[in-house]
Amino acid sequence: MSQPSSQANRIITLSLEPNDPQRLASLCGQQDEHLKLIESRLDVTLRNRGNIFQLAGAANRIKAAANVLEHLYRETAANELDPDTVHLFLQESGLEALAEEEEPEDGEVIMRTPRTMIKPRGMNQQRYVSSIREHDINFGIGPAGTGKTYLAVAAAVEALNQQEVRRILLVRPAVEAGEKLGFLPGDLAQKIDPYLRPLYDALYEMIGFEQVAKLIERQVIEIAPLAYMRGRTLNNAYIILDESQNTTPEQMKMFLTRIGFGSTAVITGDVTQVDLPRGQRSGLIQVLEVLKDTPGIGVTHFAAKDVVRHPLVQRIIEAYDSFESEQEAKERAVREERQQAREERLQKREDSLQ
């Protein structure tokens, strides 16, 4: 429980109970690596003696750090903490607490699922969720780590929980990302499980492992490879098509025409990571051109600044974007030089004929 601030809300003292040396060691990590991670990510200073922690920094940041410490300490009662757990919670809660201080609360979007309450971070994620609620067909386009799939699953779980839909369908094209996986044993769901793992992970977090298994068994949550969607009409369903950049134009048209009454479809993808065979155009890239002037369809574009994974992910995406822009500029310059050289040769030939 936090004590009154000693310096205008820039220093607070936090007491974590019970005073358990083993749990405190797990919280701090080897050589205080967990505390150092929290310090660097939230720009605060942490000092502790036993279960008494002193936090210094900007008021909103030390509030966020206190929330992180309290939550992680509760986690130590059941599990040994590792750096990945600390990092993930910083992404989902520590930085979110900062956002609550920095963004106005009016008109905020909150999604409620059985096990957690989810608040989209940043204006782009807020617009994305608002668009999902307003349109029957929505596209979320952008790089990895921007929350496209996670927020789509959260919206689907919320709609199911509020009985706005009767079932959730998880759809993904079974295209291997540049490597051959070989023969996959098992039934239909087991064969495409590896491709749907990000969707499963989000469902487990929001509903719980046992409940997800029961809903799948009752076909309230259905796993469907894209190729098996042909000929179906999907009424009163929430359909998520993930990794849609790996659909062909024919598959995308087929999928979109499956949507029935009372259904919502969310199509997510990253047009920079197409795994289709060379020369095969992405259905996602084409459909954005085909439907650009069609009313009733929501499209949200994410950028590297919207990434909510490790900070290095954002830098990697920006580095690739910069590199690809430079390559395109060089290729364009080469094409222009060749075109100019051809025109000069034609001009010389015409001059010689005259």
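Predicted model: local features only at pLDDT ≥ 70, side-chain atom pairs only at ≥ 80, totals over all residues.
Two strands pair if DSSP finds at least two bridges between them.

**View 1. Strand 2 and strand 3 pair in the antiparallel sense.**
Five bridges link strand 2 with strand 3, which covers residues 52-56. Take Asn-48: its bridge partner in strand 3 is Phe-53. Helix 2, residues 33-42, packs on the sheet here. Helix 2 touches strand 2 and strand 3. The direction of helix 2 makes about 150° with that of strand 2.

**View 2. Three strands form an open sheet in the order 1-3-2.**
The pairing in this sheet is antiparallel. Strand 1 (11-15) and strand 2 (45-49) stand at the edges. Each has a single partner strand, so one side of each is left without a neighbour in the sheet. From one strand to the next, the twist averages 20°.

**View 3. Six strands form an open sheet in the order 8-7-9-10-6-11.**
Here the pairing is parallel. The edges belong to strand 8 (221-225) and strand 11. Both edge strands have a single partner strand, so one side of each lacks a neighbour in the sheet. The twist averages 15° from one strand to the next. Strands of a sheet pair through backbone hydrogen bonds, either parallel or antiparallel.

**View 4. Strand 7 runs parallel to strand 9, and two helices pack on the sheet.**
Strand 7 spans residues 167-172 and strand 9 spans residues 237-241. Five bridges join them. Ile-168 has Tyr-238 as its bridge partner in strand 9. Helix 6 packs on the sheet and touches strand 6, strand 7, strand 9 and strand 10. Its direction makes about 170° with that of strand 9. Helix 10, residues 249-256, also packs on the sheet. Helix 10 touches strand 6, strand 7, strand 9 and strand 10. The direction of helix 10 makes about 155° with that of strand 10.

**View 5. Strand 6 is largely enclosed by the rest of the structure.**
Strand 6 covers residues 137-141. Five of its five residues are buried, so the strand is largely enclosed. In a regular strand the side chains alternate between the two faces of the sheet. Both faces of strand 6 are covered. Ile-137, Phe-139 and Ile-141 are buried on one side. Asn-138 and Gly-140 are buried on the other. Strand 6 pairs with strand 10 (residues 264-269) in the parallel sense, over five bridges. The bridge partner of Ile-137 in strand 10 is Ala-265. Five bridges also join strand 6 to strand 11, residues 297-301, and these two strands run parallel. In strand 11, His-301 stands opposite Ile-141.

**View 6. Helix 6 is largely enclosed.**
Helix 6 runs over residues 148-161 and has 14 residues. From its first C-alpha to its last it reaches 20 Å, close to the 20 Å expected at 1.5 Å a residue. Of the 14 residues, 12 are buried, so the rest of the structure largely encloses this helix. Among the buried residues are Lys-148, Leu-151, Ala-155, Glu-158 and Leu-160. Just after helix 6, Gln-163 takes a positive phi of about 60°.

**View 7. Helix 6 passes helix 8 in a right-handed crossing.**
Helix 8 covers residues 197-207. The two axes come within 9 Å and cross at roughly 45°. Helix 6 and helix 8 are therefore oblique to each other. Helix 6 makes the contact through Thr-149, Tyr-150, Val-153, Ala-154 and Val-157. Helix 8 supplies Leu-199, Ala-202, Leu-203, Glu-205, Met-206 and Ile-207.

**View 8. Helix 8 also passes helix 9 in a right-handed crossing.**
Helix 9 spans residues 209-217. Helix 8 and helix 9 pack at an angle of about 115°, with their axes 7 Å apart. The two helices are therefore roughly perpendicular to each other. Tyr-200, Leu-203, Tyr-204 and Ile-207 of helix 8 take part in the contact. From helix 9 come Phe-209, Gln-211, Val-212, Leu-215 and Ile-216.

Helix 5, residues 122-134, has 13 residues. Its end C-alpha atoms are 19 Å apart, which agrees with the 18 Å these residues should span at 1.5 Å a residue. Buried residues of helix 5 include Asn-124, Tyr-128, Val-129 and Ile-132.

Definitions and conventions:
Residues numbered from 1 in each chain as written. Heavy atoms only, no water. Helix = DSSP H or I, 4+ residues; strand = E, 2+ residues; numbered from the N terminus. Axes fitted to C-alpha atoms, helices over the stretch in contact; angles between N-to-C directions. Contact = heavy atoms within 4.5 Å. Expected span 1.5 Å × (residues − 1). Buried < 20%, exposed > 50% of the residue type's maximum accessible area, 1.4 Å probe, protein only. Parallel < 35°, antiparallel > 145°, perpendicular 65-115°, else oblique. Left-handed = near helix turned anticlockwise from the far one by under 90°.
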